[in-house]
Amino acid sequence: MSRYIISDHHFGRLQIIEDTDRSFDSITEMNRVLLNRHYRTVGEDDTIIHLGDVATDTRDGSETIAFFNHLDGDMLIRGDHDASLDAADAPFPVVQSCILEHGERRFYCTHQPETIPPDWDEWAIHGYVCDNPEDFPFIAYDDRRINVSSELLNYRPITLKTLEHILDCCSPGSRFRDITAARATLGEHRLGNDT
């Protein structure tokens with residue numbers, strides 16, 4: 001059993017295709033590709049923690065619940081586009097943030113990077129910033145920040161184990177725009193078997 005994380009699928013949102021230069025021709029194609037990549041990556045015994053913006057659901061939270069159920073999600077950290085979801089209506093936990101531990105590291109998980117407590121001096125994982133990997137890259141080693149917006153992960157969830165491998169291979173000053181850059185620089189063989 002592995003613990004996977006990702007954020008910012010934005011299922012059903014046409015504007016996200018333009019805003020982040022997603023290479024999809026339609027919402028239907030985007031939704032299909034995102035779900036297929038999820039299903040090929042996450043097993044039924046795995047845990048999925050979503051760091052917000054499952055869908056763009058401004059009505060009543062029903063779209064967020066429906067898509068999160070398609071992901072067989074285990075916990076949702078509320079994103080700004082999940083605001084209409086009443087946590088009491090969700091069949092899964094909905095939280096503002098959480099702390100996950102893996103190996104020797106603790107990760108503060110939240111949707112928006114600005115909500116990371118200023119006194120938190122360990123690793124933080126966030127989403128929200130889908131379109132600015134120069135300022136908010138996948139890995140900012142010296143800042144101890146990890147951005148798991150789906151664009152930066154090639155639309156596939158990533159395990160905490162894989163993140164641990166990547167961080168173990170990094171040197172001070174490392175900054176990787178996305179998972180592809182991390183793999184190219186660090187080498188696939190150094191990142192473990194579940195990447």
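Of the contacts in the protein chain with a separation of 6 or more, 56% are between residues 24 or more positions apart, where contact means heavy atoms within 4.5 Å. This is a predicted model, in which local features need pLDDT of at least 70 and side-chain atom pairs count only at pLDDT 80 or more, while totals for chains, interfaces and linings use all residues. Residues are numbered from 1 along each chain as its sequence is written, and side-chain values use heavy atoms, with hydrogens and water left out.

**Overall fold**
- The protein chain contains five helices and eleven strands, which are DSSP runs numbered from the N terminus (helices H or I, at least four residues; strands E, at least two).
- The C-alpha trace of the protein chain spans about 45 × 35 × 35 Å along its principal axes.

**Burial and charge**
- Buried residues make up 52% of the 195 residues in the protein chain, with buried meaning under 20% relative accessible area, exposed over 50% and partly exposed in between (1.4 Å probe, protein chains only).
- The protein chain carries 18 positive and 36 negative side chains, and the centres of the two sets lie 5 Å apart; Lys and Arg count as positive and Asp and Glu as negative, without His and the chain ends, and each charge is placed at NZ of Lys, CZ of Arg, CG of Asp or CD of Glu.

**Cysteines**
- The structure holds zero disulfides, a disulfide being a pair of cysteine sulfur atoms within 2.5 Å.
- Cys-98 is in no disulfide, and the nearest cysteine sulfur, that of Cys-109, is 4.4 Å away.
- Cys-98 is buried, with a relative accessible area of 13%, and Cys-109 also counts as buried, at 0% relative accessibility.
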